[in-house]
Amino acid sequence: MKTEIDFYIGWQAKAPLPFRRAVRRAIITMAVTVPILAGLLVWKQRGFSGGVFEYGKLTILEGELIRTPVPFLRIPVKQTVGNVPLFERILLIGYNKRGADSTLNQWEAKRGTLANKTLTVRGTLIYHDGKAALELTEENDALLRVSALKESDVPTHNMARFQLSPSASPVNLGMVTLSGEITDPKCMLGVMKPGEGRPHRSCAVRCIAGGIPPLLSVRNGTDHANYYLIVEPDGQPLNASILKDVGRPVQLSGRLEKADNWLILYTDSVRALAKTKLDEGSQIAMCR
Amino acid sequence: MTPTLRQTHRVAWLLLAIILPMGFVAALQLKPDSIVWEQPISLPLAAPLPVLVKSVENTGLQANLRREGQSTDRQLEIIVRQSLEVPSVVVRVVSRTNELAIGTLDVAGVYHFMLPDSTDHPTIILVDEVNHVVLQTIHF
Amino acid sequence: MALHYQAVSWNRQKTLYDWAIAGFVGLYLLIFCGLQAILFPDVTAETVIIRATSTLAFLMLHVILMIGPLCRLNPRFLPLLYNRRHLGVSMFLISAVHSVFSLLQFHSRGNVGMLKSLFTSEPDYRHFSQFPFQTLGFFALLILLVMAATSHDFWLKNLTPRLWKTLHMGVYVVYGLIVMHVLLGVLQQETSSLYVILLACGVVTIVGLHLAAAFVSHQPNQPAPKTGTDGFVSVCDVNDIHENRAKTMLINGQNIAIFRYDGKVSAVNNQCRHQNGPLGEGKIIDGCITCPWHGYQYQPQNGQSPPPFTEKVETYAVKCIGTTIWVNPTPSLPGTPQTTAFF
């Protein structure tokens, strides 16, 4: 069959010249547009945190197990000035989207109470902005050794002039009101990027519903941020009741405590911010 | 294409032409309010000593050596501009015999630590104690 | 045209088309992932995959939706239409990668199943600002899955072209769902106005092209034709039709294409058996009406595809009085030979 110059038939081997020209123009347009679009879409992203999840690398840490209000491994810093006890706390987090408590309960079911004992544990480090967590990746097998608390780790009460943390009990910093976003520390510290914001919201809900303690992240817009673990006023977890406020702008009021290098906010006052007119309109429409 | 299908196409796109711009405007008006900026609460700090003896710039931070009048007390002020992405930062003062810890650093902000002696040339190291790595050395 | 079903009946144009798709997909992914690694070394691999595939699939959806109206506005783009379903299936596969990775990333390994998590982790369906945008993407993917699964001519034939075309109009619903998925999702996170501008340009282009094509192809009600006593109606003068081309008429609900060729006139139903393509916009080539969409062919005098093919369309009785063409709008059974009308 001879090729018709003004009519295109797809099953012929060749398209007529005018059609070939049009397709060539379309291809050239795409060849220019596709790289530009790919470049622009990448270039204009907000960027990602420098948080680190040491996936595949296990680290062994030794410290005192703190179970309440949130699970920590409290690691003593050796050779301090004036022998004043100084600690760094590593937040303990379970494997997958779970809090550490299920693993800790398994350990205690096997070995009896572990709170305030020195534990040697193995896990995957997650850290960002000076805050660190340890994922108990191996769950039951993550606990390597248990020993009594060493004499040197028991705090003494002197050398206040060095502003070290002399006490095992956290320091009360008074009542505060803070605005920010509630997310889960596991993702926020480096497992996911972004680990906060709208697209990540459902994941943060899943993590917090799974027992990971919620974290309020507060930012001032110029790279200055701080993070506050959130619990009920009596120190109980508030994971279940806070789910609806995860991943959206909220204002929290409560008592702030410093637990070594972490801040813990005891609160039952969570207020959603940035309610939109559209939302109010839809509420009226729903007769609520 | 049948006239009915063509008509359905027309209606579908007219509907989308109305709905999508509405959705666009509605979704964009959510955006500006969605990010909350607030000054985070800093930890209670000892007041900085009034006299700045020396200042050193290091990667991501500024270290100041401070004193009060003619007193022998020396204070280390560290202004962390960009936090170090490591699991642990312990601040240690280096002497001939040992490296004594005077505190820890975490988020960006200002930190004050009293120094154990009155030298105006202390050497400070920042140590990642989890990995046993010296992160930075500050020479005054 | 086919006697039996094959996965794909390849020809040179189809091969070129698929190479072009693969080339552009590869180019986009290479640039996107490469630049991510250079400009944002802190990003995780999962995020790169999720963002690269989502943006690529959305870009492909725009291209797919542009082809139809472009062809109506300028038939020279028809080669892009011919294998459009290959582009559609590729787009579905890429969006499926985005969806699977997103489901695994955000919803797997939690305290409830992935799908339950998808629908319940953000339970506030009543408020626009809190609407779980991921569910919009899920339903869009479901529609795309149905479309991709039924994209083969086997389904086109078995579902009937009418139902198949209606089903595949689901892509318009997909477009609406995806635009809202993007607006309520990632655009609530990313702050650059460039993304808003790009999305607005995309929406305006797609909606604008479709409305323009709808406007161009809108056929105003034709004046009532003159009806004779024998059921024939006068439709037009023979000189109104170009040689080997047709004029289409809607008479008594019948969509009729009247072809002029070799001093003769024939009338067949305007809808191709394959995809209801507009036969009246086709051409007589080698003595056969050839559909402009996929090249299906019919003999004008009897509406039958040339042997060994078996497709048939309805035919209509035609006669010429002088140079005036008269057609009987009562359809004869598909493939019924009609007396040739000479002019």
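This is a short talk on a three-chain model, taken chain by chain and then contact by contact.

Before the details, this is a predicted model, in which local features need pLDDT of at least 70 and side-chain atom pairs count only at pLDDT 80 or more, while totals for chains, interfaces and linings use all residues. Residues are numbered from 1 along each chain as its sequence is written, and chains are lettered from A and ligands numbered from 1 in the order in which they are written.

I start with chain A. Chain A has six helices and twelve strands. Helices here are DSSP runs of H or I with at least four residues, strands are runs of E with at least two, and both are numbered from the N terminus. Of its 288 residues, 49% are buried. Buried means that 20 or more other C-beta atoms lie within 10 Å of the residue's own; exposed means 12 or fewer, partly exposed is in between, and the C-beta atoms are placed from the backbone. If we take contacts in chain A between residues at least 6 apart in sequence, 65% of them join residues at least 24 apart. A contact is two residues whose C-beta atoms, placed from the backbone, lie within 7 Å.

Now some strand pairs in chain A. Two strands pair if DSSP finds at least two bridges between them. Strand 11, residues 249-259, and strand 12, residues 262-272, are antiparallel, with nine bridges between them. One of those bridges sets A:Glu257 against A:Ile264 in strand 12 of chain A. The two strands make a hairpin with two residues between them, and A:Asp260 in the turn has a positive phi of about 55°. Strand 12 of chain A also pairs with strand 10, residues 225-231, this time parallel and through three bridges. There, A:Val231 is opposite A:Tyr266 in strand 12 of chain A.

Next is chain B. Of the 140 residues of chain B, 34% are buried. For contacts in chain B between residues at least 6 apart in sequence, 48% link residues at least 24 apart.

Chain B has an open antiparallel sheet of four strands, in the order 5-4-7-8. Strand 5 (99-104) and strand 8 (133-139) of chain B are at the edges with a single partner strand each, so one side of each has no neighbour in the sheet. Strand 4 of chain B, residues 90-94, is joined to strand 5 of chain B by five antiparallel bridges. B:Val91 faces B:Gly103 in strand 5 of chain B.

That brings us to chain C. It has an open sheet of four strands too, ordered 1-2-11-10 with antiparallel pairing. Strand 1 (226-227) and strand 10 (318-321) of chain C are the edge strands; each has a single partner strand, so one side of each is left without a neighbour in the sheet. Strand 1 and strand 2 (residues 233-237) of chain C pair over two bridges, antiparallel, and C:Lys226 has C:Ser234 in strand 2 of chain C as its bridge partner.

An unreviewed UniProt entry lists "domain: Rieske" for residues 233-327 of chain C. UniProt positions are given in the numbering used here, feature names are shortened, and annotations may be inferred rather than shown by experiment. In the model, that span is 0% helix and 45% strand, and its end C-alpha atoms lie 5 Å apart.

Last, the contacts of chain C with the other two chains. Towards chain A, 56 residues of chain C are in contact with 53 residues of chain A. Elements giving two or more residues to this side of chain C include helix 2 (45-73), helix 4 (84-107) and strand 6 (283-285). Helix 1 of chain C gives the largest share, eleven residues. By class, this side of chain C has 23 nonpolar, 23 polar and ten charged residues. Nonpolar covers Ala, Val, Leu, Ile, Met, Phe, Trp, Tyr, Cys and Pro; charged covers Asp, Glu, Lys and Arg; the others, Gly among them, are polar.

Towards chain B, the contact takes 26 residues from chain C and 22 from chain B. Helix 8 (161-168), helix 9 (170-184) and helix 10 (193-216) of chain C each supply at least two residues of this side. Helix 10 of chain C has the largest share, seven residues. The side of chain C that touches chain B divides into 16 nonpolar, eight polar and two charged residues.
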